[in-house]
There are 2 protein chains.
Amino acid sequence: MPNRTVFFVSDGTGITAETFGKSILAQFATKPRHVRRPFIDTEDKAEQVVREINMTAAQEGVRPIVFITLANELVRERLTADANALVLDMFRTFVEPIEAELGMKSNHRVGRFSDVAKSQEYHDRIEAINFSLAHDDGQSARNLAESDVILVGVSRCGKTPTSLYLAMQHGIKAANCPLIPEDFERGKLPTMLLPHRHKCFGLTIDADRLSQIRNERRPGSKYAALENCRYEINEAEAMMKREGIAWLSSTHKSIEEIATTILRDLRPDRLIY
Amino acid sequence: MPNRTVFFVSDGTGITAETFGKSILAQFATKPRHVRRPFIDTEDKAEQVVREINMTAAQEGVRPIVFITLANELVRERLTADANALVLDMFRTFVEPIEAELGMKSNHRVGRFSDVAKSQEYHDRIEAINFSLAHDDGQSARNLAESDVILVGVSRCGKTPTSLYLAMQHGIKAANCPLIPEDFERGKLPTMLLPHRHKCFGLTIDADRLSQIRNERRPGSKYAALENCRYEINEAEAMMKREGIAWLSSTHKSIEEIATTILRDLRPDRLIY
């Protein structure tokens, strides 16, 4: 039962404030309630949030923790002056030392994702999402040469979400292609992958976990049986080893961690820009 | 030409450090080089990064700016003691006031996404991605009742990336369904949407921009012609108005902003958890 509320208040989407605030709060053995308040870009809206904060403080008997990313001085002052809260000002805290270091003033611009929306980088991200969708699950060999990465592995080991994450967050054209029993019988990689082996990255998974995931889809099937999952995983790992394809296990990793590992190992250039 | 480098150094993926650092740097009229160094969780790895930082300082003639999220004290000390850089310690700066406020010590845990990977929340995200994929582009009316949101709009107005973003970042089951000339001729919403009108949210776009996007796909086609784009957009907006479906324009908005607006307007409960 949460007895304290954390607010994330921003003049933009609040995604930055929320992501950062959550990673700090993860270091405490407490589970507060989270409230995101995006697009707070006028003094009126700031006042409304202050009322909500102060009401929450009264109800819970402790003052909320409030992470803010507000570029406009007036909006920021309105919020910080009257809120009965621990206000953590994420911009101000770091902007000042950077101003001193760079010898220039910040422009106090609202961190709008829409500036991003007009950029080449954004265009590339959208293109990458379209590419990854068109090349999901080995759907198409067309333009596979354009891919940055091709994820391979048995069915339901996490290829699709990882491909989409790589595309969406990093603008990586990530195709994915399943390794299926027919491939194991032939003892060869799917033909469409042969010219692109150097771009392939493997995912594997514990048999227990795979069986559990597959059972959610097709309960009691041979496809989902533990024995069959073990067979497919062994064969897939043997094939990747034979073909010199690096792989990692998705069992205890999130898509964010898998994606970062793939970038680091296969496309370190994409961590520098 | 960048003449200064910014490092994002983390014992996890570094995604938090990078997202946050970039939003602060966006307030300065400068374009430094970005380098992300993830999984720096031993003193050895920290030393390697320090060498890279110091070499960069020597080459560029100015010291780099280094955003760090390092939970381990020893690793952090190794990095901060020897780096010729402006080190901005994102955890420490905010952890201390929160410790005082909560009256408890932080546990200095590495902010691993893998803790997340075992959670119900993570499971729901993956399920939502699968749902959104299965219900992309009006592919299936099956289980549409399970959707949290259904995006509607003309072809290529941004429905697919927005749906996938809602699923991936927020665990929202976001279906999407195009409005096509046949619908305008009939003067009715696609039949599959009728029982779910209250969950529909519209996207629209400027005709110029739509024509440009469609021309990248099918150059010179009637589909991409400005006149046709105008017709489709007018008809779609008229239909959404008639049906009482709220909509916004994707022309100058990123998927992050569109998704946040949809959450705020259609599912404000999802901004509180």
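1. Interface. In this predicted model, 100% of the interface residues of chain A are also interface residues in chain B, so the copies meet through the same surface. Contact means heavy atoms within 4.5 Å.

2. Domains. Chain A splits into domain 1 (5-113) and domain 2 (119-271); the bounds come from an automatic or database domain assignment. Their centres, taken over C-alpha atoms, are 39 Å apart.

3. Sheet. Chain B has an open sheet of 4 strands in the order β6-β5-β7-β8, with parallel pairing. The edge strands, β6 (174-178) and β8 (247-249) of chain B, each pair on one side only. The twist averages 25° from one strand to the next. Strands are DSSP runs (E, at least two residues), as are helices (H or I, at least four), numbered from the N terminus; pairing requires at least two DSSP bridges.

4. β5 (149-153) and β7 (200-204) of chain B pair in the parallel sense over 3 bridges. B:Ile150 has B:Cys200 in β7(B) as its bridge partner. Helix α11 (255-266) of chain B packs on the sheet, touching β5, β7 and β8 of chain B, and its direction makes about 145° with that of β7(B). Axes are lines fitted to C-alpha atoms, for helices over the stretch in contact; angles run from 0 to 180 degrees between N-to-C directions.

5. Conventions. Residues are numbered from 1 along each chain as its sequence is written, and chains are lettered from A and ligands numbered from 1 in the order in which they are written. Local features need pLDDT of at least 70, side-chain atom pairs count only at pLDDT 80 or more, and totals for chains, interfaces and linings use all residues; side-chain values use heavy atoms, with hydrogens and water left out.
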